[in-house]
Amino acid sequence: MGTAEFSLWIFLSSILAGLLGSLTGLGGGVVIVPVLTLLFHIDIHYAIGASLVSVIATSSGAAAAYVREGFSNIRIGMFLEIATTLGALLGAYLTTKVTTHSIGIIFGVVLLYSAYASFQTKHPEHGNAAPDALAVRLKMRGTFPAPTGEEAYVAQRVPAGFGLMFTAGTLSGLLGIGSGAVKVLAMDQAMRLPFKVSTTTSNFMIGVTAAASAGIYLSRGYISPGLAMPVMLGVLGGSLTGSKMLVNANVKTLRTVFALVIVALGIEMIFNSITGRL
Amino acid sequence: MQLSDQKLEIAIGRMLQAGVLLAALVVLIGGILYLHASPARPDYAHFHGVSADLRTPTRIVALAAHGDPQALIQLGLLLLIATPIVRVIVAAGGFLLERDHMYFWVSLVVLAVLLYSLWHSQ
């Protein structure tokens with residue numbers, strides 16, 4: 001296969017990954033790495049390098065649309081970015097200390113978790129718990145547009161959320177993904193923020209988190225221009241198209257199919273890592 | 001306060017979008033030049049790391065100025081990496097204008113971590 005043909009196949013796969021990633025809310029990075037390593041037999045370090053830059057592109061590219069909806073909380077996001085960027089530095093550092101096989105296994109587990117998390121669509125109302133003193137002091141409150149008008153919220157359990165965000169950052173730096181699923185877990189489950197606030201703020205944070213490890217990836221030579229070019233352009237194009245498509249009717253079926261694909265990729269990542277074929 | 005927060009967020013959102021589009025354009029131009037030169041496909045199956053000239057911002061800029069296609073792609077990716085960093089700077093400025101000193105400092109801490117990572121790559 002020549003370079004042009006190879007680039008075209010990578011480009012087309014990346015468009016698909018970006019499209020499905022944005023339609024299902026799972027993100028493009030989490031699928032593109034297994035596709036590059038399992039299908040195209042690309043070394044995982046080049047794969048996570050290309051994935052990381054495409055994660056920055058999709059997060060920043062979609063931010064304008066999210067912000068306009070009025071759900072994302074810039075203060076909560078900024079405060080938690082202290083945790084995610086420090087975690088990302090640790091994760092990027094660990095990529096040289098951890099074996100390729102272990103990275104593959106961790107990646108597989110994260111894929112399985114992401115598929116599981118994508119089905120957790122029912123979110124009980126968190127109710128009005130007593131405001132967390134630390135959250136109030138850190139101004140981690142806000143309002144969001146609800147069907148009944150502006151609704152106020154205050155964050156809960158800030159230390160737990162901060163700790164989970166550090167983990168999310170570490171996974172992002174180690175695997176070259178946005179780890180949106182873990183970020184949403186931290187805000188939605190631990191800090192009891194409204195679901196829409198959690199998902200949009202998470203998207204906002206992904207770019208900053210990824211930028212923290214990108215410098216280290218670049219200096220290590222993980223970011224290969226010939227590979228990152230079709231991946232970044234493809235994932236970005238696919239996810240921007242996906243965010244403009246209104247396919248509410250089929251999103252449930254699509255999410256199920258995509259989750260099954262992710263489960264299959266996750267199992268194959270783990271299997272190939274254990275048998276030393278990755 | 002809420003109103004100016006909203007304005008700040010919209011400004012940041014637009015800035016991010018512009019940064020990404022500019023970065024994508026540079027990557028696309030570099031990509032077209034790269035494929036036009038019909039290079040041999042690099043061996044991606046084994047990790048060697050890209051050439052040292054494509055690893056640091058200063059060398060990438062120097063090489064891109066000479067029109068090197070791979071360096072142009074890396075330059076676009078550098079612009080992409082810079083976008084969220086500029087976002088944090090804009091947010092820090094916004095918090096300062098809102099006289100929210102606590103979050104001004106929070107933004108500076110995040111900025112310090114990001115710059116440490118880039119500086120580390122030099």
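**Entry 1: Chain A, secondary structure.** I counted the elements of chain A and found eleven helices and two strands. I note at the outset that the model is a predicted one. I then read chain A along its sequence and recorded the pattern α-α-α-α-α-α-β-β-α-α-α-α-α.

**Entry 2: Chain A, dimensions.** I looked up the extent of the C-alpha trace of chain A, which spans about 60 × 40 × 30 Å along its principal axes. I next asked what radius of gyration chain A has, and how it stands against a compact globule.

**Entry 3: Chain A, packing.** I checked burial and found that 60% of the 278 residues in chain A are buried. I also examined the contacts in chain A with a separation of 6 or more, and 79% of these join residues 24 or more positions apart.

**Entry 4: Contact of chains A and B.** I turned to the contact and asked how many residues each chain gives to it. Chain B gives 57 residues and chain A gives 53 residues. On the side of chain B that touches chain A, α1 (2-36), α3 (69-97) and α4 (101-120) each supply at least two residues. The largest share of that side comes from α1(B), with 20 residues. I sorted the side of chain B that touches chain A by class and recorded 33 nonpolar, 18 polar and six charged residues.

Note on methods
Residues numbered from 1 in each chain as written. Chains lettered and ligands numbered in written order. Predicted model: local features only at pLDDT ≥ 70, side-chain atom pairs only at ≥ 80, totals over all residues. Contact = placed C-beta atoms within 7 Å. Helix = DSSP H or I, 4+ residues; strand = E, 2+ residues; numbered from the N terminus. Nonpolar A, V, L, I, M, F, W, Y, C, P; charged D, E, K, R; others polar. Rg over C-alpha atoms; globule rule 2.2 N^0.38 Å. Buried ≥ 20, exposed ≤ 12 C-beta atoms within 10 Å, placed from the backbone.
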